[in-house]
Amino acid sequence: KSKTVREVMTTIDKVFMLSVNRKLDFETMMEIYRSGFTRVPVYEGDPNNFVAMLFVKDLIMVDPDDEMELETILNFRGRNAEFVEQNTRLDVVFHTFRERMMHILLVYRTYTDQEGKEGKQTTGIITLEDVLEELIQGEIVDETDHYEDMNVGTLVQRKDRHRDIAAFLQLFDHKIKIMRELTKEEIHAICSYLSNNVREFYVFRSAETILKRLIFTSDVEKVEVVDRQHSDQLDGNVNGSSVRAFGEPIYQRGVPNELFTLVLQGKVLIVAGGEEFELELGPWSVLGNKALTQPSYLPDFCAYPIGSCRLVRISKSQYEAAINVLSARMKEGARQSPRANSSQDDSFHTVQGHRASTFDVENPH
């Protein structure tokens, strides 16, 4: 009875949670399934602002191909998020579970800021199972648990190999891979755009096959970002008056980077200059051109995905490999027909030796 919620709860940094704006596509559904949890806290905007509790069983009729937002499901089947103060005794919490007919509660602490205003901060979650485990002084592990203790990170050791779902989940890896790949139409459009609009790719105008192979082997990143305060994501350097969704930076000022980026879908926020000037780039904008040609590239700006984005990213090593294939092919052609290919060979070396554009961020619009 003397123990409190704080002593047995799962701390917030180990809690699996979702944004209310998250799309329930195949990747998200697999992420939920892999987590092994039957109830998932849902937040809106600030990750400290929990608004609902998702019951995973409510997703059984959801088709991932519809890419429905989680908020839509919650409007029909959402459960309110219930809270308990972290210094509450366990015997009191046990009765709270019974009265509210709940199996999970979010835990919070109260604090007073520098201006004397009181506030609340979510610090973790506690379940009915946590209270019962404290009562019997042992861990309760069911068929779907991955960990004996989330705070310690001790994995459940199962003798029955059929209970290990890792092999089962691999059956669906191909679908995730397909979702990340580019269609033939997209590859053709990207090749056409890069070879005609981005200087570093001019050299591939007469080598469409090599460029298509380069695009096909590039990394396609589908970014579903969480909602955060503007000022939090940008280290407090920008006015934090609005709440917007930002992902982890894809470029950071002064941090070495060897990736070229094409924004295929969505938007990217650029923060540059001593005054932290902001610029939003939309689809078919490119960043990090110099990363493909400079020995050591240090961006002089920061770049953050806004909302949901789809990015095509080409590494310096991939680009150089394509250049080497093109060079070898043109040299082979020159040996077979020196006169016919001399102009092409000269053109190739001219473009290959040309320095990157002065502007590292390009936006056609």
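Predicted model: local features only at pLDDT ≥ 70, side-chain atom pairs only at ≥ 80, totals over all residues.

Stop 1: Begin with the open sheet of four strands, ordered E2-E3-E4-E5, whose pairing is mixed. Which strands are at the edges? They are E2 and E5 (79-80), each of which pairs on one side only.

Select E2 (residues 18-19) together with E3. Two bridges join this pair, and the strands run parallel. Now pick out Leu18: it stands opposite Val42 in E3.

Five bridges join E3 to E4, and here the strands run antiparallel. Val42 turns up again, standing opposite Ala52 in E4. Finish with E5. Two bridges link E4 and E5 in the antiparallel sense. Ala52 stands opposite Asn80 in E5.

Strands of a sheet pair through backbone hydrogen bonds, so show the backbone at this stop.

How many of the five residues of strand E3 are buried? Four are, so E3 (residues 39-43) is largely enclosed by the rest of the structure.

**Stop 2: a helix across the strands.** Select H3, residues 70-77. This helix lies across E2, E3, E4 and E5. Against E4, H3 runs at about 80°.

**Stop 3: an enclosed helix.** Move to H2, residues 26-35. Seven of its ten residues are buried, so H2 is largely enclosed by the rest of the structure. Highlight the buried ones: Phe26, Glu27, Thr28, Met29, Met30, Ile32 and Ser35. Then step to Gly36, which follows H2 and has a positive phi near 80°.

**Stop 4: a buried charge.** Select Asp130 in helix H5 (residues 128-136). Is Asp130 buried or exposed? It is buried, yet it has no salt bridge. The nearest side chain of opposite charge is Arg39, 11 Å away. What does Asp130 touch? Leaving aside neighbours within four places in sequence, Asp130 is in contact with Val8 and Ile125.

**Stop 5: two positive phi values.** Most residues other than glycine have a negative phi.

Select Glu276, in the loop between E14 (259-272) and E15 (277-281). Its phi is near 55°, and Glu276 is not a glycine.

Next, select Trp284, in the loop between E15 and E16. Phi of Trp284 is near 70°, again positive in a residue other than glycine. Trp284 is partly exposed, with a relative accessible area of 25%.

**Stop 6: confidence.** Colour the chain by pLDDT. The mean is 79, and 73% of residues reach 70 or more. Where is confidence highest? It is in strand E16 (residues 285-287), at a mean of 96. Helix H10 (residues 230-233) has the lowest, at a mean of 40.

Select residues 227-244, where pLDDT stays under 50. The model has 42 contacts beyond four places in sequence for that stretch. Last, select residues 340-359. There, too, pLDDT stays under 50, and the model has 24 contacts beyond four places in sequence.

Notes: Residues numbered from 1 in each chain as written. Heavy atoms only, no water. Buried < 20%, exposed > 50% of the residue type's maximum accessible area, 1.4 Å probe, protein only. Lys, Arg positive; Asp, Glu negative; His and termini not counted. Salt bridge = Lys/Arg side-chain N within 4 Å of Asp/Glu carboxyl O. Contact = heavy atoms within 4.5 Å. Pairing = 2+ DSSP bridges. Axes fitted to C-alpha atoms, helices over the stretch in contact; angles between N-to-C directions. pLDDT = per-residue confidence, 0-100.
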